[in-house]
Amino acid sequence: MAEHLAIFDAYPRWRLINEPISDDPLVGLQRDTALLKEVAAGKRGATARIWENPHSLVVTRRETRFPTFKDAQDQLGAEGWPVLVRESGGTAVPHEAGIVHFSLMFLQDKLFQFSMDTVYEALCEPLQMALTSLGLESGYGEVKGSYCDGKYNLVVDGLKITGTAQRIIGAKKSEDGVQRSAVLAQSMLMVESDPIAGTDVVNRFYQLAGSDRVFDPLVSTSVQQRMGERAADMAPGELTVLVRERLAEAFTQLTTAE
């Protein structure tokens, strides 16, 4: 068995939370943190979450220190893109319907000290299975010019389709005094969202906030774009529902395999 799949075997029971799109982007964003804290406190077992968020731009705490951050937040909020702050690193990223988020949360200690690479590979395994079921083959790699870039992007046809991030917090010690930690691994899969428009919002934030960062809108893609004519006859939102179903099926298969 591949090392990263051992994460799914390490916990006797995974719970999958498959949520509809949130009414409030801040509530949707903070839900992962709340679940992570429950895991850290021993109140919740290993958990996966599939979710979507309404229009919002999510930035890092470091980016709130840009010279005119407040001006950018006010302007984009007035334009229907509220600017929210997350605890993990990276760069600004758009959230909206048609972007499917997938998160893993679990406890680890000296018995289960998984590397960051192993965690990323476990996070991406069900995503890759879902994409494969739709006829799209993906691999890992950095994509020069993309926002929130990293070596564990998922890439289709040389274009970024998924971004990933991790966060680790301290957890309650085990009964025998072993110090533990709780892991949050997050991904966002572009399904029906327009990657060019999303990158434009990211770039506009940096311009308004007083940063010289600029990203290339042509290096990212979506499931809808890669499927081409096969997705052309689908009603709005239908492909996103299908992707969510395939992702849930893949995760269930990985966590219930003999």
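A cavity here is a set of grid points where a 1.4 Å probe fits but cannot get out. Its volume is the space filled by probe spheres set on those points. Keep in mind that this is a predicted model.

**Stop one: the cavity**

How many cavities of 30 Å³ or more does a search of the whole structure find? The search finds one. About 280 Å³ of space lies in the largest cavity.

Select Val93, His95, Gly163, Ser187 and Met188 and centre the view there. Of the 21 residues lining the largest cavity, these lie nearest its centre. Now colour β5 (93-95), β9 (159-171) and β10 (180-190): these are the elements that give two or more residues to the lining. Which of them gives the most? β9 does, with six residues. By type, the lining of the largest cavity divides into ten nonpolar, nine polar and two charged residues.

**Stop two: the helix pair**

Next, select α4 (residues 116-133) and α8 (residues 238-256). Their axes come within 8 Å and cross at roughly 125 degrees. α4 and α8 are therefore oblique to each other. Is their crossing left-handed or right-handed? The crossing of α4 and α8 is right-handed.

Show side chains for the contact. On α4, pick Glu125, Pro126, Leu127, Met129, Ala130 and Ser133. On α8, pick Arg246, Leu247, Ala250, Phe251, Gln253 and Leu254. Colour by residue type to see how the contact divides: eight nonpolar, two polar and two charged residues.

Note on methods. Residues are numbered from 1 along each chain as its sequence is written. This is a predicted model: local features need pLDDT of at least 70, side-chain atom pairs count only at pLDDT 80 or more; totals for chains, interfaces and linings use all residues. Side-chain values use heavy atoms; hydrogens and water are left out. Axes are lines fitted to C-alpha atoms, for helices over the stretch in contact, and angles run from 0 to 180 degrees between N-to-C directions. Helices (H or I, at least four residues) and strands (E, at least two) are DSSP runs, numbered from the N terminus. Angles under 35 degrees count as roughly parallel, over 145 as roughly antiparallel, 65 to 115 as roughly perpendicular and the rest as oblique. A crossing is left-handed if the near helix is turned anticlockwise from the far one by less than a right angle, and right-handed if clockwise. Contact means heavy atoms within 4.5 Å. Ala, Val, Leu, Ile, Met, Phe, Trp, Tyr, Cys and Pro count as nonpolar, Asp, Glu, Lys and Arg as charged, and the others, Gly among them, as polar. On a 1 Å grid over the protein atoms alone, a cavity is a set of points where a 1.4 Å probe fits but cannot get out, and a pocket is an open set with protein on both sides within 12 Å along at least five of seven lines; lining residues have an atom within 4 Å of a point.
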